[in-house]
Amino acid sequence: MEASEQHANAAAGGSADPNTVLAVIYFLTIGVIVLGTGIYFFVMARITDPEVRLMDLMVTQREVQHLIDNLSSQFSNFFRLPMRWRNMKPYYTHHSLSWAFIVSLFASVVVLIVSLALKLPQVVRISTLTFVASLNALFMTRQHLYYIRRTYLTYDAEHYLVLDTTSFHHFNWSVFNVVQIGILLFEFVQLLSFPIRDLVDSIHLAGQLDSDSPDTASFIIGIISMFANLSSKFYVIQLWFLVAVIACIAAVMSTIHVYNAWWPHKPIALYWVKYLLPLANLLYLPMLVMLIGSAACLSKLGTDDSKGAASGLLRCNDPAINKPLYLSFTVVAYTAGYVILTAFVTSFDRIPIRGEIHYRSQGVAFLKNASMLLSIDFLLVANSYRHIRSILSLVIVLSMVCFNISTQPCFVDQINYWRTYGLCCILWVSLIVAMLTNESSTLTKLSIGGIAGSLSVGVVVLFILFVIVRRINLAAMKANDRGMERDNLVDSNYEMAQTQQ
């Protein structure tokens, strides 16, 4: 029995099937999230006055229509590429890069199919990495072009001008904002789990852990990461469940689009789409990271990293698993899920209410895509290129920090500030992990307590620095506000004196 299954079995009292326990916990977690979201919106609708509820419904319909228009524009921008050079003007760079990524995408698909048929594991791994990386690069390129041109695509320049100039210093502790903060914390833990997982594997290879310890650590990381491949049988359940969910989402979207196109005089009401946004934001990383983990695990089989497919979080080495079939469905599901979910969560551009935690869609797009690149880097790049993987992870996280500081993707300044702190913590951990995983001699000399201490000290020092800077900024803001009030008072007194004269 696998180590993770033993842990689950022990937790269940030693009588229940561990895969059944994992499946029950997994589906209960998803059920609680979905049910909690539904209850929240239902209760909020019932405690609101009827007149206010009617106004909210009208506002929601406008917001959802704006979301649908943005979604349609994104898909149109993604799929419509000019074929001739003169038609690419003035976006030669974007269109040229897009065609390069498309060629790479189709070439990797052909190579992947041939290598699966000929059972060439190393080629399967390289082609899988190339496909996933090309897909993400293509979508990011098209999205960047969309944001450059979106004023011309949506014909709503005034709306985006307001979005670009709106910001608040503080937020209120409403239920909606608490949920938003919870989503941020969940994303932070998930991103932090990537370098920690790499560190656990390196410590295990260095011989500093016994046979059960890495599985224990991986089990905990897997639970935090929404049950990422904790056992081979549970992996099968989880994969087919996600494939079914993504297929249903694609089918519903296609049905609604076709119906509304054929019967525009009786369209399907879509106000309920707004209520799916919190779910999509919360489950975005767990769903897509699980699919990337599945592709990484399946592509490892038969390679030098095949040991990793039988230990830790990656457990797809069951003989009953058909590698070509599972990898094919994983790639297709990831392609559809990534394109649909990323376009969906980045199409909601509403003007926020004062004190509400909300994000500019361009910021959401960059940070979500960067998070996916980080997962691709840690899960799909081979262990033999660990140094390249470390460098790429540092570049990705550093770009996320710089982007968060320069663009302020959230309308609330406090959220941007502490999100920068979280990203800096991930950058610190990634830096320490990069140093340790690429220097085996240093790793063997340090104890587990020493490694944990170095990580913790950096996080604490960063926290103290951020608190000090925050207090300095608040003092400066208060002094500036007092100065403005004094100037306004002087001006008003001067005007009154002039009037009396």
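Q: What should I know about the model, and what secondary structure does the protein chain have?
A: The model is predicted. Secondary structure is read by listing helices and strands. In the protein chain there are 16 helices and 0 strands.

Q: How many of the 501 residues count as buried?
A: Burial is judged by relative accessible area, and under 20% is buried. By that cut-off, 46% of the 501 residues of the protein chain are buried. The protein chain exposes about 25400 Å², and 68% of this area is supplied by carbon and sulfur atoms.

Q: What share of the contacts join residues at least 24 apart in sequence?
A: Take the contacts between residues at least 6 apart in sequence; 78% of these join residues at least 24 apart.

Q: Which residues touch the most other members of the largest nonpolar core?
A: The general idea is that in soluble globular proteins, nonpolar side chains tend to be buried together. Here the largest nonpolar core has 96 residues, and Tyr 334 and Tyr 338 touch the most other members. Helix H10, residues 277-300, gives the largest share of this core, with 17 residues. Another core, of 7 residues, lies apart from it; Leu 199, Ile 432, Val 433 and Ile 451 are among its members.

Q: What does Tyr 334 touch, not counting residues up to four places away in sequence?
A: The partners of Tyr 334 are Val 132, Leu 135, Asn 136, Leu 288, Leu 291, Ile 292, Met 372 and Ile 376.

Q: How does the lining of the second largest pocket divide by class?
A: The lining has 35 nonpolar, 8 polar and 1 charged residues.

Q: Is Arg 389 buried or exposed?
A: Arg 389 has a relative accessible area of 2%, so Arg 389 is buried. Arg 389 belongs to helix H13, residues 386-407. Beyond its neighbours within four places in sequence, Arg 389 is in contact with Asp 198, Asp 377, Phe 378, Val 381, Ala 382 and Asn 383.

Q: What should I look for in the backbone?
A: Look for exceptions: most residues other than glycine have a negative phi, and most peptide bonds are trans. The peptide bond from Lys 89 to Pro 90 is cis, with omega near 0 degrees. Pro 90 sits in the loop between H3 and helix H4 (92-118).

Q: Where do Lys 119 and Gln 408 lie, and what is phi in each?
A: Lys 119 lies in the loop between H4 and helix H5 (121-154), and its phi is positive, near 55 degrees. With a relative accessible area of 71%, Lys 119 is exposed. Gln 408 lies in the loop between H13 and helix H14 (413-437), and its phi is positive, about 50 degrees. Gln 408 is partly exposed, with a relative accessible area of 28%.

Note on methods: Residues are numbered from 1 along each chain as its sequence is written. This is a predicted model: local features need pLDDT of at least 70, side-chain atom pairs count only at pLDDT 80 or more; totals for chains, interfaces and linings use all residues. Side-chain values use heavy atoms; hydrogens and water are left out. A nonpolar core is a set of buried Ala, Val, Leu, Ile, Met, Phe, Trp, Tyr and Cys residues joined through side-chain atoms within 4.5 Å. Buried means under 20% relative accessible area, exposed over 50%, partly exposed in between (1.4 Å probe, protein chains only). Helices (H or I, at least four residues) and strands (E, at least two) are DSSP runs, numbered from the N terminus. Contact means heavy atoms within 4.5 Å. Ala, Val, Leu, Ile, Met, Phe, Trp, Tyr, Cys and Pro count as nonpolar, Asp, Glu, Lys and Arg as charged, and the others, Gly among them, as polar. Accessible areas come from the Shrake-Rupley method with a 1.4 Å probe; for residues, only the protein chains shown count as cover.
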